[in-house]
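Have the sequence and the 3D view open as you read.

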Amino acid sequence: MKRFLIIVSSVLAVFALSAAESSAQGRFGVIGGMTFSNAEQQSLNRSTMNKYHVGVTYQLRLPLGFSIQPSLQYHVKGAKLGDVIPGAEFNNTCDLTIGYLELPVSLQWGPDLLLFRPFLDVTPYIGYGLNNRTDAFIEDHLPSNPVKNSWDGINRFEYGLGLGVGIEIWKFQVIGRYNWNFGSLYSTGEDTVPDFSLVGMMKEAFSRGHNLGGFTLSVSLLF
């Protein structure tokens, strides 16, 4: 699955960029929106973390209502976790935030109804972690020393698939999409991650292939 998603994303992106010069249906644009992410392990999530994504995009219109739209964006995701130290007699929570450089390739289909265009959306994506931050809370007190940009035990590479619906009106496009992030946040086997490392304290949230997923709401302005 990992290799398949990488191949599909790369092929679609190359195809779209190579066709840009010869197609009159191509439009560049900017994209941004809200990200509502979690740890894909609901038992530990205190609540959904609200973050954002922003970047550039290119839409290539194809026959029969299809279009391909790759984007390059900075995407911030995270998770609010509770009881990260199993068996502790005190309240302990943790907020993890990771910023990715991400390449989603949206494959869209929908009829052009002149005034607007509704469409279905399938989006494989790959990304690479640029920065992170972890804030630990004991008995609801603020952390004294947040951990920043520590990649010990963390897999910086991500890949996944999004499914959604959208609508296009004039130069504006709105897409609501749910994203599954495949693979594990661990960069090594679960048993080799130190218990007191950045990710080791959150084994229950990110073991057995769990990663950061959730819902995104994106707005694009196409020129």
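How many bridges join β8 to strand β9? There are 11 of them, and β8 and β9 (residues 172-182) run antiparallel. Two strands count as paired here if DSSP finds at least two bridges between them.

## Ground rules

This is a predicted model, where local features need pLDDT of at least 70 and side-chain atom pairs count only at pLDDT 80 or more, while totals for chains, interfaces and linings use all residues. Residues are numbered from 1 along each chain as its sequence is written, and side-chain values use heavy atoms, with hydrogens and water left out.

## Overall layout

The protein chain has two helices and 10 strands. Both kinds of element are DSSP runs numbered from the N terminus: helices are H or I with at least four residues, strands are E with at least two. Along the sequence, the order reads α-β-β-β-β-β-β-β-β-β-α-β.

Of the 223 residues in the protein chain, 47% count as buried. Buried means under 20% relative accessible area, exposed means over 50%, and partly exposed is in between, using a 1.4 Å probe and protein chains only. As for contacts (heavy atoms within 4.5 Å), take those between residues at least 6 apart in sequence: 69% of them join residues at least 24 apart.

## Strands around β8 and β9

Start with β8 (residues 157-169), which pairs with β6 (residues 117-138) in the antiparallel sense over 12 bridges. Here F119 sits opposite G166 in β8. With β9, two pairs to look for are Y159 opposite F182 and V165 opposite G176.

β9 also pairs with β10, again in the antiparallel sense, over eight bridges. In that pairing, F172 has L221 in β10 as its bridge partner.

## The β8-β9 turn

β8 and β9 form a hairpin with two residues between them, and W170 in the turn has a positive phi of about 55 degrees. K171 also lies in the loop between β8 and β9.

Leaving out residues up to four places away in sequence, K171 touches R27, S220, L221 and L222. Take S220: K171 and S220 are 49 residues apart in sequence, yet their C-alpha atoms are 8.0 Å apart in space.

L64 is in the loop between β3 and β4. Its phi is positive, about 65 degrees, although L64 is not a glycine. L64 counts as exposed because its relative accessibility is 75%.

N149 is found in the loop between β7 (147-148) and β8. The phi of N149 is near 55 degrees, another positive value in a residue other than glycine. At 45% relative accessibility, N149 counts as partly exposed.

## The cavity

Rolling a probe the size of a water molecule over the atoms shows where empty space is left. This structure holds one cavity of 30 Å³ or more, and about 190 Å³ of space lies in the largest cavity. Among its 23 lining residues, Q73, P104, R177, N179 and T216 are the closest to its centre. A cavity here is a set of points, on a 1 Å grid over the protein atoms alone, where a 1.4 Å probe fits but cannot get out, and lining residues have an atom within 4 Å of a point. Points are joined across faces, edges and corners, and the volume is the space filled by probe spheres set on them.

Which element gives the largest share of the lining? That is β4, with five residues. By class, the lining has five nonpolar, 15 polar and three charged residues. Nonpolar covers Ala, Val, Leu, Ile, Met, Phe, Trp, Tyr, Cys and Pro; charged covers Asp, Glu, Lys and Arg; the others, Gly among them, are polar.

## The nonpolar core

A nonpolar core is a set of buried Ala, Val, Leu, Ile, Met, Phe, Trp, Tyr and Cys residues joined through side-chain atoms within 4.5 Å. The largest one has 13 residues, and A79, L81, I98, L185, F206 and L212 have the most contacts inside it. The elements that give two or more residues to this core are β4 and β5. β5 gives the most, with three residues.

Technical notes
On a 1 Å grid over the protein atoms alone, a cavity is a set of points where a 1.4 Å probe fits but cannot get out, and a pocket is an open set with protein on both sides within 12 Å along at least five of seven lines; lining residues have an atom within 4 Å of a point.
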